[in-house]
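The following note is intended for a colleague who is meeting this structure for the first time. Please read each point with the sequence and the structure side by side.

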Amino acid sequence: MTAGISICRDFRERQRFLVRACLSVSLFLVVHPCNAQSSTPSIFNGPSDAIDGASSIPKVSPPLTEREEEMLRLIQSLQDRVARLEAERGTDSKDINFDTEVEAKKASANVLAATVVAVPPTSRDIANPIDEAARSPVDGVKSLGGSASGGQEERKFWSPYTPNLGFKIANTEYGDVSLSIYTYARYLNQRAIEPTYTNAFGVTSNLQQRQDFQLNKLQIKFLGWMMSPKFRYFLYAWTSNATQGQGAQVVLAGNLNYSFNKYLTVGAGVFSLPGARSVEGNFPFWLSVDSRLIADEFFRPSYSSGIKASGTIAKGLSYQAMVANNRSTLGVSAAQLPNHFNTISSVLLWMPKGDYGLGWGDFEHHESPVTRFGFHFNHSDENKQSQPNSDSFENVQLRLSDGSVIFTPNLFGPGITITDARYKMASFDAGIKYRGYALEGEYYWQWLNDFRGTNTSGLPTDYAYGYQLQGSAMVIPKALQIYAGGSEIIGQFGRPWDFRAGTNYFPFKNKVVRWNSEFLYLYRSPVGYTSVPFPLGGTGPIFHTTLELAF
């Protein structure tokens, strides 16, 4: 019995020395990382990194510092002491309690792990913060580079990425944050359009024949959930650089949403009114880059603040409905808004053959035909005060088919000025996709009536209707797309139309980067402003080419 007790005591004493030895070794490894420099993972930043990795030359370690030499002496001393103890008190491992031995090993491992975590990094460790981030044990570490040449360890990257939803920069039990950016650079040539435009009332205006380069738009988005995955947020900064100096050139906006179940999600904030297909929430997945056909631009509602509900009714059948302040909130202050809610916008969407996809064109290459049918309705009582506070055409929403603003004083005759009007619009869209081909169209009906203001009692309802049709084909799957489309507006004050044809090249076989080139021809366009390729009143050919980034 006495011998057994002595053996256990000797083992505990050796255990303490071994723990100290592990502690010393871990400290030495932390303060002396140069021994592992040849296998340190790094972030792959481009071709230069590949060249450097492939042709790396072994580096000679610098001489040891006084502190490092002292640590070596301490480790050697501990090793000698343990060896002497073992020589003096030789024991048979069979006599040692197995549970005690396991606990000792666990204690040593725990102390070693705690030591590695607790010791702060040296200046050499944090010399490159990017590499330090790559080495951090962050959730979602993803290996992208494979084994590096020259015996280097596998390169690792952190921050999960979902195309078009961005990089996840935080992920905790309380919520997450993803960062996404949308931008594009555009060359525009309008020099061949006619220099003047005369509207239906005989008023002639001069048109600017532009040719310029622009980083046309930048949108920085933060999205994710907080406290519960059912409570989500979408916040963004949006800028239209081509309209610098005008109202709503820079916008900070967003919305908050809570999903009760698949049948009902309720949100509050700034949304696109879902009164036409292009404002259902499918931006930027259009055939053209941030540009609609003129019929869509003329009839559609815009963005506004309000309450929105959406969800699934049955398999393949979904809805969106929104009650908002007005038809367009951009450039409008709260003091300009009416004190009642009568702006309503909705869509009922049916996809009987399965998921149709978010945007136009069959980039996804459906092996079986898929279809969609959308029914939209809009209603809003608008007044002159609730329109954006600018007299330029580009900032108002209610127009006649020649582009004239209905709130213009004396437009319909001397002494006649409209201050209030009712807008109603309905549209129906349909589309089919199959093996890279797509054919998609939409039809619109619009009524402007219930005019109020000076001498407006005799004004009749203004009725306009129109359509658009677009066809596309993936010539090279996931890489090259061609498309063509056109639209027409038929109203009491004109019958404008447009046609366009273009190509989309996807160099990385996804929708993150796209090069778009497009030719379009306009005839008396009733819409247009500086942030889109066509001007109000434009007639003639236009060319633009755009490099788009959407991650």
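1. The largest nonpolar core. This core has 30 residues, and F299, L398, I406, F534 and I542 touch the most other members. A nonpolar core is here a set of buried Ala, Val, Leu, Ile, Met, Phe, Trp, Tyr and Cys residues joined through side-chain atoms within 4.5 Å. Two or more residues of the core come from each of α6 (294–299), β16 (417–434), β17 (437–454) and β21 (513–523).

2. Basis of the description. The model is predicted, so that local features need pLDDT of at least 70 and side-chain atom pairs count only at pLDDT 80 or more, while totals for chains, interfaces and linings use all residues. Residues are numbered from 1 along each chain as its sequence is written, and side-chain values use heavy atoms, with hydrogens and water left out.

3. The chain as a whole. The chain contains six helices and 22 strands; these are DSSP runs numbered from the N terminus, with helices (H or I) of at least four residues and strands (E) of at least two. Of its 551 residues, 44% count as buried. Buried means under 20% relative accessible area, exposed means over 50%, and partly exposed lies in between (1.4 Å probe, protein chains only). Among contacts with a separation of 6 or more, 63% join residues 24 or more positions apart, a contact being heavy atoms within 4.5 Å. The accessible surface is about 28200 Å², and carbon and sulfur atoms contribute 60% of this; the areas come from the Shrake-Rupley method with a 1.4 Å probe, and for residues only the protein chains shown count as cover.

4. Q481. This residue belongs to strand β19 (residues 480–491). Q481 counts as buried because its relative accessibility is 4%. Beyond residues up to four places away in sequence, Q481 touches L287, G361, D362, S472, A473, M474, V475, G502, T503, N504 and F506.

5. F234. Strand β9 (residues 228–240) holds F234, which counts as partly exposed because its relative accessibility is 26%. Leaving aside neighbours within four places in sequence, F234 is in contact with K221, F222, L223, A253, G254 and N255. F234 and G269 are 35 residues apart in sequence, and their C-alpha atoms are 9.5 Å apart.

6. Aromatic rings. The structure has 22 aromatic pairs. Rings of Phe, Tyr and Trp (its six-membered ring) pair if their centres lie within 6.5 Å; planes under 30 degrees apart count as stacked, over 60 as edge-to-face and the rest as tilted. Y182 and Y184 form an edge-to-face pair, at 5.9 Å centre to centre with 65° between the planes, and both residues are buried. Y258 and F260 are also paired edge-to-face, at 4.9 Å and 70°. Y258 is partly exposed at 31% relative accessibility, and F260 is partly exposed at 44%. Ring pairs also link Y443, W445, W447, Y463 and Y465 into a cluster.

7. Charges over rings. The charged end of R277 sits over the ring of W360, 3.8 Å from its centre, and that of R327 sits over the ring of Y423, 3.7 Å from its centre. The criterion is NZ of Lys or CZ of Arg within 6 Å of the ring centre and within 35 degrees of the ring normal.

8. L536. Where does L536 lie? L536 is found in the loop between β21 and β22 (540–550), and it counts as buried at 13% relative accessibility. L536 and Q208 are 328 residues apart in sequence and 10.0 Å apart in space, C-alpha to C-alpha.
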